[in-house]
Amino acid sequence: MAQGRGSVMKCMAVTLCLMVCLKTSFATTFTVGDASGWSFGVSTWPNGKHFKADDVLEFKYNKAFHNVIIVDKGAYDSCIVPAGAPKFQTGDDRVTLKKGVNYFICGFPGHCAGGMKIAATAA
């Protein structure tokens with residue numbers, strides 16, 4: 001009887017590992033702006049793309065001139081950086097999408113208004 005329980009536990013552990021691996025393996029990494037990277041006029045880049053929760057957006061840019069800030073819809077629309085908003089500034093940042101609409105802007109003055117912002121909807 002004890003041997004049977006051990007086999008069931010091993011089977012459950014293997015199944016759990018497979019589920020975790022499969023979930024990770026289905027995530028896709030997208031380079032924001034494709035070859036142009038995170039730059040002015042990138043706001044239409046998400047059009048026609050199908051994102052899923054846990055997909056990764058990679059932002060590539062010159063960190064001396066840009067950054068990436070995660071914002072809500074109000075900050076996205078107004079291009080105002082809220083206090084305490086998550087900020088990335090390495091020049092090669094990876095952000096995992098959450099289900100729903102994910103908003104990103106560049107926090108340098110005038111950059112968001114110049115189209116350096118995206119809204120990516122993840123299913």
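Tutor: A definition comes before the residues: a residue is called buried when its relative accessible area is under 20%, exposed when that area is over 50%, and partly exposed in between. By that rule K52, at 37% relative accessibility, counts as partly exposed. The model is a predicted one, and every value below is computed from it.

The chain has 123 residues, and buried residues make up 32% of them. Among contacts with a separation of 6 or more, 70% are between residues 24 or more positions apart. The accessible surface comes to about 7,600 Å², and carbon and sulfur atoms hold 63% of that.

Now the charges. Side chains of opposite charge can pair when their charged atoms come close. The term salt bridge is used here for a side-chain nitrogen of Lys or Arg within 4 Å of a carboxyl oxygen of Asp or Glu. How many salt bridges does a search of the whole structure find? It finds three.

K52 forms a salt bridge with D55, and the closest N and O atoms are 3.5 Å apart. D55 is at 0% relative accessibility and counts as buried. D54 sits in the loop between β1 (29-31) and β2 (56-60), and at 30% relative accessibility it is partly exposed.

The next salt bridge is between the side chains of E58 and R94, at 3.6 Å from N to O. This pair links distant parts of the chain, with E58 in strand β2 and R94 in strand β5 (residues 92-96), 36 residues apart. E58 is buried, at 7% relative accessibility, whereas R94 is exposed, with a relative accessible area of 51%.

The remaining pair is K73 with D77, whose closest N and O atoms are 2.8 Å apart. K73 and D77 are four residues apart in helix α2, so about one helical turn separates them. K73 is partly exposed at 45% relative accessibility, and D77 is partly exposed at 45% as well.

D77 leads on to a lysine without a salt bridge. Which side chain of opposite charge is nearest to K117? D77 is, at a distance of 5.2 Å. A salt bridge needs the nitrogen within 4 Å of the carboxyl oxygen, so K117 is buried yet has no salt bridge. K117 does have a polar atom of its side chain 3.1 Å from the backbone oxygen of Y76. K117 is found in strand β7. Leaving aside residues up to four places away in sequence, K117 touches W38, V42, S43, Y76, D77, C79, F104, I105 and C112.

Two of the residues that K117 touches, C79 and C112, are bonded to each other: they form a disulfide, with their sulfur atoms 2.1 Å apart. C79 lies in the loop between α2 (73-78) and β4 (87-88), and C112 in the loop between β6 (100-105) and β7 (117-122), so the pair ties together parts that are 33 residues apart in sequence. The angle about the S-S bond is -65°, and the link is left-handed. C79 is partly exposed, with a relative accessible area of 24%, while C112 is buried, at 4%. Phi of C79 is near 60°, a positive value in a residue other than glycine. A search of the whole structure finds one disulfide. C106 is buried, with a relative accessible area of 2%.

To sum up the charged residues, K52 pairs with D55, E58 with R94, and K73 with D77. K117 has no such partner, but its side chain has a polar atom 3.1 Å from the backbone oxygen of Y76.

Notes: Residues numbered from 1 in each chain as written. Predicted model: local features only at pLDDT ≥ 70, side-chain atom pairs only at ≥ 80, totals over all residues. Heavy atoms only, no water. Disulfide = S-S within 2.5 Å. Helix = DSSP H or I, 4+ residues; strand = E, 2+ residues; numbered from the N terminus. Buried < 20%, exposed > 50% of the residue type's maximum accessible area, 1.4 Å probe, protein only. Lys, Arg positive; Asp, Glu negative; His and termini not counted. Polar contact = N/O pair within 3.5 Å; in protein donor to acceptor, adjacent residues only side chain to side chain. Contact = heavy atoms within 4.5 Å. Areas by Shrake-Rupley, 256 points an atom, 1.4 Å probe, with all protein chains shown as cover.
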